[in-house]
Structure formats: C-alpha cells, structure tokens
Amino acid sequence: MPILKTYHRPTSVDEALSLLARSGVSSAVIAGGTYANAHLDESIDEVIDLQAVGLDELTVAGNRLSLGAMVRLHTLVDDGRVPPLLRELAHREGPNTFRHQATVGGIVVGAEAESELLAGLLVHETEVTVQSAAGAKSLPLADFLADVPAALQGGLVTAVSVAMTGLGASARVARTPADRPIVAAVARLDAAGQPHLALCGVATTPILVTPDPDQLPPPLPPPADFRGSSDYRRQMAVTLSRRVLGELS
C-alpha cells in the first residue's frame, strides 16, 4: 500500500458516506483490507476504514439470511445458520489468518474472477444492498458484478441477503488442493427444483450460466494465463458443470 496522507475510521455508515461525498478528494474504502492492501491505486491518498461502523450481524428472515458487509469469512465458516455450500466455499477463500480479516463486503466489491465464494453467492440468489446519500437500493449480485463502480456510485455495500434453502455442489481444478482454482463450477438446486449454476475462472468475474448441458460453455472465450489456455478452461468449465449438475440430479 502506498504512503497515505490521511486515514479515516468513521463510527457510522452516515459518517463514512459523508467522507466519500467530499469533492476533490481521492479516497478508497477498506473493510478487512485484504484486497486494498494488494490492489490500492497509487492515485489514492486517503482511506476510509469501515472496521468501526458495525455491519457485522447475521439475521434470518423467512428463508433468507442477511449478512452485514463487515461479517468476517471465519464467521461464515463457523455459523451453522449459513448454508453448507457457502460455509465450504468461504473456507476455500484463503488460510485461517485471511478468513479472520476478510469480509463479505470486501469479497463482493473485490469481484475477483477466481472467487469460489462469489460463485456460491451467485447460485444462492444473493441480493446486494448499497447505501448512498440518496438512500438504499438492492440489486442481484450478478447485476452488481457486471459493473461494480456503476452499482456503487459513491455508496457502500452494507449487506447481502442469500437464499438459505436448497442443495449445493461444487467442483474445481487447481494446481494444488490449497491453490486458487483455475476453473470452478458451483451449483445449487433450489426448493422448487430449479438448478442454478455459476462458473469462476472463465470471465473477469464469476458468472451465472444456463444450467443446460447443451449450453454449458461460457458465452465468451475464457481468458488464458500460464495455468491454462482458453480452450482448456472452456473444456474444464463444461466437465465441471456436468459433474456438479449430476450430483444434484
């Protein structure tokens, strides 16, 4: 992280929004800091640390679980109210020290392409709540990930809401069991018997795809890197998708 001019630690969401609303100030929001510490742009000279604003509660209403944006990943792993698939995928996000620091909001805003937890949130029909000076709005996670800056528009992610019901499955390919996935598929069969399927490692963020065996390849050629070509990633996406859908059938 570059040397900063100013560090802010607001004690409320309203105070954080007021800091964000200042004109002529280049600032960034940090939650657990796991993403910002590695990716903070050199043009940023102020940070707004959300550790003291609260937003760390889990609440259940009907068949939905609301997670405050500052809920740590280790809480997802340890809390029995969290759907088993999301508990498993939160555990895969990183080692114990990372999970005790990283937050749900940070994972959502970070929008990392290889996040299996984000793929799990997609299939659990997650809604993202964004608070701004104009008020609060909720939108599907898939829409939020499609354009994170536009979805935020000077606001903050304050919570996410996930469906609690259904059965889940996941599969992945990686260089080692502890490594980030090259490609992963995550599926959920909801209470009505409708399958939901998401892939990571095939686009700039995890994406929802049609859970149809004849339409499984991602709509665009997956990005290639030293771990796998575009063709390899496409083939793995098809194979892993069929595997997880088969587990739920």
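Mentor: Two strands pair if DSSP finds at least two bridges between them. Helices (H or I, at least four residues) and strands (E, at least two) are DSSP runs numbered from the N terminus. This is a predicted model, in which local features need pLDDT of at least 70, side-chain atom pairs count only at pLDDT 80 or more, and totals for chains, interfaces and linings use all residues. Residues are numbered from 1 along each chain as its sequence is written, and side-chain values use heavy atoms, with hydrogens and water left out.

Trainee: In the protein chain, where is confidence highest?

Mentor: The predictor's confidence in each residue, pLDDT, runs from 0 to 100. The protein chain averages 90, and 92% of the residues score at least 70. Confidence is lowest in helix 2 (residues 36-39), at a mean of 60, while the highest value, 98, belongs to helix 7.

Trainee: What is the order of the open sheet of four strands?

Mentor: Its pairing is antiparallel. Strand 9 (167-173) and strand 12 (207-209) each have a single partner strand, so one side of each is left without a neighbour in the sheet. Neighbouring strands are turned by 25° against each other on average, direction ignored; here axes are lines fitted to C-alpha atoms, for helices over the stretch in contact, and angles run from 0 to 180 degrees between N-to-C directions. The order is 9-10-11-12.

Trainee: Which residue in strand 11 stands opposite Ala185?

Mentor: Strand 10 (residues 183-189) and strand 11 (residues 195-200) pair in the antiparallel sense over six bridges. The residue opposite Ala185 is Leu199.

Trainee: At about what angle does helix 7 run to strand 10?

Mentor: Helix 7 lies across strand 9, strand 10, strand 11 and strand 12, contact meaning heavy atoms within 4.5 Å. Helix 4 (residues 84-92) also lies across strand 9 and strand 10, running at about 25° to strand 9. For helix 7 and strand 10, the angle is about 25°.

Trainee: How many residues of helix 7 are buried?

Mentor: Buried means under 20% relative accessible area, exposed over 50%, and partly exposed in between (1.4 Å probe, protein chains only). Helix 7 (residues 116-123) is mostly covered, and among its buried residues are Glu116, Gly120 and Val123. The number buried is eight of eight.

Trainee: What is the order of the open sheet of five strands?

Mentor: This sheet has antiparallel pairing. Strand 4 (58-61) and strand 7 (135-140) stand at the edges, each with a single partner strand, so one side of each lacks a neighbour in the sheet. The order is 4-5-8-6-7.

Trainee: Which residue in strand 8 is the bridge partner of Ser66?

Mentor: Strand 5 (residues 64-68) pairs with strand 8 (residues 156-163) in the antiparallel sense over five bridges. The partner of Ser66 is Ser161.

Trainee: Does His8 count as buried or exposed?

Mentor: His8 is found in strand 1 (residues 6-8). Its contacts, not counting residues up to four places away in sequence, include Leu19, Arg22 and Asp49. Because its relative accessibility is 17%, His8 counts as buried.
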